[in-house]
Structures are given as structure tokens and as C-alpha cells.
Amino acid sequence: MNQILTDYWPLILIAAAILLIALFLMLRPRQKVRLSDQTPKRPHMPSKHEPREGTGIVGTAAAATSDVTGEVIDARVHDHLSGDVPADDLERLKGVGPKFAQLLHAQGIMRFEQIARLSPAEIDRLDNVLGPFRGRIARDRIVEQAEYLARDDIDGFEQRFGKI
């Protein structure tokens, strides 16, 4: 028996390593995926609620004005139409509390999609009116958070920013 162990110890060692690797591969923790009607939502998938144009005469006139002027004067009326889409709970964003959300609402920002599409110039303009919250949009990566929430990618949001 002792002679067998000394003659075949490299083979026994290799067999033990293969067995350990096989056990690890079979018993390792798997990724936990919660399946629901909303899963999976990833960047390449469309948002559940696409932004709609306003309704009624005022909304239609505003949409027509934006379509006609377009890039000539850089008028972005579509972002501020009321429509029938309810406002998002902006306090779900990390770093946005009731007062900060109220300031964003006062500037016409009601939806995550609006925040996700903010240009650097618009962020600078917002920073000038945010008072004590100046710089918070960039510091807390609010635009990046809003991109996840705009497309209902809760799992991606929580992996990047923690639990909501």
C-alpha cells in the first residue's frame, strides 16, 4: 500500500484537484434572478412608458411648435408637455430628498426620462437654480441613476447604486 502511494502520488494529486474543481463548479453559488413581468430590463430594451406628447389643443400646439422650430432655435417643448403620464417618484434616486425633488418639479422635471436626457448645458442651468443642492446632480450621479430607473432596470440600478 505504501509502495502504491509513493509510485502514484502525482496521479492521485491530479485526480484530487480535478475532483475539487468539479465539486466547485457543481456547487458554486448561482446568480439569483427574480423573474417577473418586468424582468429583464437592460439598456437595449425599451422603457415601459415611452414619453407621449401632450393632449388637447395646447399640447398639440406646443408639439407642432417644437416640430416646426426644431433645431433652428433649439426649442425642446416635448420634454415639458403635460400629457397623461404620471410623474415619477424622484425621491427614489439616491441623493434626492423631498426638498430637492420639489426644486426639480418647480423646474418642470417630473420624470426619470427627463433627467436621463439632460445635456451638460441643461445640468449647468439647473445647478444655478438649485441653491444648496448645487453640484449634487453630478456628485450623486443622478443622471446615471435616472437612466436605470427610466427603463425600469431595478436590478441594474441596485447592482450599481445599492437597494432602492
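Why is helix α7 (residues 142-150) largely enclosed by the rest of the structure? I looked up burial and found that seven of the nine residues of α7 are buried, so the helix is largely enclosed. I took buried to mean under 20% relative accessible area, with exposed over 50% and partly exposed in between, for a 1.4 Å probe and protein chains only.

Before going on I noted that this is a predicted model, in which local features need pLDDT of at least 70 and side-chain atom pairs count only at pLDDT 80 or more, while totals for chains, interfaces and linings use all residues. Residues are numbered from 1 along each chain as its sequence is written, and side-chain values use heavy atoms, with hydrogens and water left out.

**The whole chain.** I read eight helices and zero strands in the protein chain, where helices are DSSP runs of H or I with at least four residues and strands are runs of E with at least two, numbered from the N terminus. Of the 164 residues of the protein chain, 27% count as buried.

**Around α7.** I listed the buried residues of α7 as I142, V143, Q145, A146, Y148, L149 and A150. Their cover includes α3 (98-106), α4 (112-116), α5 (120-129), α6 (136-139) and α8 (154-161). After α7 comes D152, and I noted that its phi is positive, near 60 degrees.

**The core.** I then looked up the largest nonpolar core, which has 23 residues, and those with the most contacts inside it are L93, F100, I115 and I137. Such a core is a set of buried Ala, Val, Leu, Ile, Met, Phe, Trp, Tyr and Cys residues joined through side-chain atoms within 4.5 Å. To this core α7 gives the most, with six residues. Leaving aside residues up to four places away in sequence, I137 touches F100, I123, L126, D127, L130, I142 and V143, a contact being heavy atoms within 4.5 Å.

**α7 against α8.** How do α7 and α8 pack, and at what angle? I found an angle of about 155 degrees, with the axes 8 Å apart, the axes being lines fitted to C-alpha atoms over the stretch in contact and the angles running from 0 to 180 degrees between N-to-C directions. That makes α7 roughly antiparallel to α8, a label for angles over 145 degrees, whereas under 35 is roughly parallel, 65 to 115 roughly perpendicular and the rest oblique. Where they meet, E144, Q145, Y148 and L149 in α7 face I154, G156, F157, R160 and F161 in α8.
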